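This report describes one protein chain for a reader who has not seen it before. Please look over the sequence and the structure before reading on.

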Amino acid sequence: KNTVWIPAGEDWGGYTDRHLVVGRDTILDALDIMPQLIIKPFVYHHSKHHNTEMFVKSVWDHKNLTVRRFRRGMFLVAANNDTSWKPAVLSLHGVPGLKIKYRDEYLVAKRCVSEQESKGKYWELI
């Protein structure tokens, strides 16, 4: 109860905002983060919470949520027409039209999956 599971890495000074696993008792607390910004806009200063990961950490800490980690078995991809701040340049073998966004993240995920398959497991907590 009150536990949020997130993949290890990509925290950028807070908690990753890309994926989470929670139980039904915790889902609203974990997902409902915007009221903190709307109700108290001056409590969350840009210099202290300058990215979404830091903001998520601030809200979850305020709500006393326990954060646990699991090994990262995923990576971010982008479509060929992606216009985000960092363009993806590495082709994803066997998947036309998608590119690997962050090489290091891809390598960690690939290693994790490979290690799990060799152990006959597909889920391991850290």
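## Elements and confidence

Helices and strands are here runs assigned by DSSP, at least four residues long for a helix and at least two for a strand, and they are numbered from the N terminus. In these terms, Lys1 lies in the segment that precedes β1. The model is a predicted one.

The chain contains 4 helices and 6 strands. Read from the N terminus, the order of the elements is β-β-α-α-α-β-β-β-β-α. Of the 126 residues in the chain, 29% are buried. Among contacts with a separation of 6 or more, 58% are between residues 24 or more positions apart.

The average pLDDT of the chain is 85, and 89% of the residues score at least 70. Among the elements, strand β2 (residues 21–22) has the highest mean pLDDT, 96, while helix α2 (residues 34–39) has the lowest, 79.

## The start of the chain

Is Lys1 buried or exposed? Lys1 has a relative accessibility of 75%, so it counts as exposed. Leaving out residues up to four places away in sequence, Lys1 touches Asp25 and Thr26. Lys1 and Leu65 are 64 residues apart along the chain, yet 8.8 Å separates their C-alpha atoms.

Thr3 belongs to strand β1. Its relative accessibility is 19%, and because buried means under 20%, Thr3 counts as buried. With residues up to four places away in sequence left out, Thr3 touches Val21, Val22, Thr26, Thr66 and Arg68.

β1 is largely enclosed by the rest of the structure, because 5 of its 5 residues are buried. In a regular strand, side chains alternate between the two faces of the sheet. Both faces of β1 are covered: Val4 and Ile6 are buried on one side, and Thr3, Trp5 and Pro7 are buried on the other.

Two pairings involve this strand. β1 pairs with strand β3 (residues 66–70) in the parallel sense, over 5 bridges. Thr66 in β3 is the bridge partner of Thr3, and Thr66 is also among the residues that Thr3 touches. The pairing of β1 with β2 is antiparallel and runs over 2 bridges. There, Val21 in β2 is the bridge partner of Trp5.

## The largest nonpolar core

In soluble globular proteins, nonpolar side chains tend to be buried together. The largest nonpolar core of this model has 12 residues: Val4, Ile6, Tyr15, Val22, Ala30, Ile33, Phe55, Val56, Val59, Trp60, Leu65 and Val67. Which elements give two or more residues to this core? They are β1 (3–7) and α3 (52–62). The most comes from α3, which gives 4 residues.

One of the core residues is Val22. Apart from its neighbours within four places in sequence, Val22 is in contact with Thr3, Val4, Ile27 and Ala30. Val4 and Ala30 are also listed in the core.

## The open sheet

The strands β4, β6 and β5 form an open sheet of 3 strands in the order β4-β6-β5, with antiparallel pairing. The antiparallel pairing of β5 with strand β6 (residues 98–100) runs over 2 bridges. Opposite Ser91 stands Lys99 in β6.

## Helix α4

Helix α4 covers residues 103–119, 17 residues in all. From its first C-alpha to its last α4 reaches 25 Å, close to the 24 Å expected at 1.5 Å a residue.

Which residues of α4 are buried? They are Glu105, Ala109, Cys112 and Gln116. These four lie on the same side of α4, because they cover an arc of only 60° around the axis. An α-helix has 3.6 residues a turn, so residues three or four places apart point the same way. Arg103, Asp104, Lys110 and Ser118 are exposed on the other side of α4. Just after α4 comes Gly120, which takes a positive phi of about 75°.

Conventions:
Residues numbered from 1 in each chain as written. Predicted model: local features only at pLDDT ≥ 70, side-chain atom pairs only at ≥ 80, totals over all residues. Heavy atoms only, no water. Core = buried A, V, L, I, M, F, W, Y, C linked by side-chain atoms within 4.5 Å. Buried < 20%, exposed > 50% of the residue type's maximum accessible area, 1.4 Å probe, protein only. Contact = heavy atoms within 4.5 Å. Expected span 1.5 Å × (residues − 1). Arc of directions from axis to C-beta. Pairing = 2+ DSSP bridges. pLDDT = per-residue confidence, 0-100.
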